[in-house]
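Student: I have a model open and want to go through it with you. Can we start with how you use your terms?

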Amino acid sequence: SYYPKTAAYMDTMVMEEPIGYRNRPNLDGTYYGVHVRINSIGLRDREIEPQPGESEFRVLVVGDSVAFGIAVEYEQSIPYRLERILQTELADSRWRFRTINGGTISYNTEQELIQLKELGLGLGPRLVTLIYAENDIQPKMWVFNKRRAWHVRVAERSYAASLVALVSKKLTGLGPIGKIDGRFVAGDPGWIRSAECLTEINALCREAGIPFVVCTDIS
């Protein structure tokens, strides 16, 4: 059911330049079998005050579907679980920890950079962490561009066709979008652009005096 459910959610996206697309503000419904609510500024999170309180330590988590929490309830998403861990393990701290879920399905590093510039830094984070996934090297609009192919549109709208696609992927390593290989390849334009964006994010955070942490499971 992955492809039909992904198509249903991507149909709700707001198309907007220069970021390409973003979550629809105030969206409230069931997607991937779980409740998804998007707040008024387009993030899968609770409503957020424009600026943090004096003792509030905000951690901005940016990334794609991994940060967003695809197919899990908000309370099981990485950003919210991180918040609970910080509040528990650092209960004696003077800080009140609050994470902000900036995850958006299929965002690449360039979109995460744009989101940080346009929205994230303005929310007053004291720490920025980016959850890096192997498809972050894909072009900015890859998830929409691939939908132009007829076989992808069929797979997205048909549970039977999506089952065939998933079986094919298991057997061949290829699916409707082809194989995504997260290994570094020197000279690959996707990796080059992703590295440039990571460098710029790091520079922006350094200029603002904010630590920047990248988390990934890519070997």
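Tutor: One term first: contact means heavy atoms within 4.5 Å. Also keep in mind that this is a predicted model.

Student: What is the mean pLDDT of the protein chain?
Tutor: The mean is 89, and 92% of the residues reach 70 or more. Over residues 175-180, however, the pLDDT is below 50. Beyond near neighbours in sequence, that stretch has 14 contacts in the model.

Student: OK, helix α4. How many of its 10 residues are buried?
Tutor: Seven of them, so α4, residues 109-118, is largely enclosed by the rest of the structure.

Student: Which residues of α4 are the buried ones?
Tutor: Thr109, Gln111, Glu112, Leu113, Ile114, Gln115 and Leu116.

Student: What does the side chain of Asn108 do at the start of α4?
Tutor: A side-chain oxygen of Asn108 comes to within 3.2 Å of the backbone nitrogen of Glu110.

Student: Switching to aromatics. How many pairs does a search of the whole structure find?
Tutor: The search gives eight aromatic pairs. One of them is Tyr21 with Phe144: the ring centres are 4.9 Å apart and the planes stand at 65°, so this pair is edge-to-face.

Student: Where do Tyr21 and Phe144 lie?
Tutor: Tyr21 is in strand β2 and Phe144 in helix α5 (residues 142-145), so the pair ties together parts that are 123 residues apart in sequence.

Student: Are Tyr21 and Phe144 buried or exposed?
Tutor: Both are buried.

Student: What about Phe57 and Phe97, how are their rings arranged?
Tutor: That aromatic pair is tilted, with 5.4 Å from centre to centre and 50° between the planes. Phe57 belongs to strand β5 and Phe97 to strand β6 (residues 96-101), so to speak of sequence, the pair links distant parts of the chain, 40 residues apart. Phe57 and Phe97 are both buried.

Student: Which residues form one aromatic cluster?
Tutor: Tyr9, Tyr31 and Phe68.

Student: And which charged end sits over the ring of Phe68?
Tutor: That of Arg44, 5.2 Å from the ring centre.

Notes. Residues are numbered from 1 along each chain as its sequence is written. This is a predicted model: local features need pLDDT of at least 70, side-chain atom pairs count only at pLDDT 80 or more; totals for chains, interfaces and linings use all residues. Side-chain values use heavy atoms; hydrogens and water are left out. pLDDT is the predictor's confidence in each residue, from 0 to 100. Buried means under 20% relative accessible area, exposed over 50%, partly exposed in between (1.4 Å probe, protein chains only). Helices (H or I, at least four residues) and strands (E, at least two) are DSSP runs, numbered from the N terminus. A polar contact is a pair of N or O atoms within 3.5 Å; within protein, one must be able to donate a hydrogen and the other to accept it, and residues adjacent in sequence count only if both atoms are side-chain atoms. Rings of Phe, Tyr and Trp (its six-membered ring) pair if their centres lie within 6.5 Å; planes under 30 degrees apart count as stacked, over 60 as edge-to-face and the rest as tilted. A charge sits over a ring if NZ of Lys or CZ of Arg is within 6 Å of the ring centre and within 35 degrees of the ring normal.
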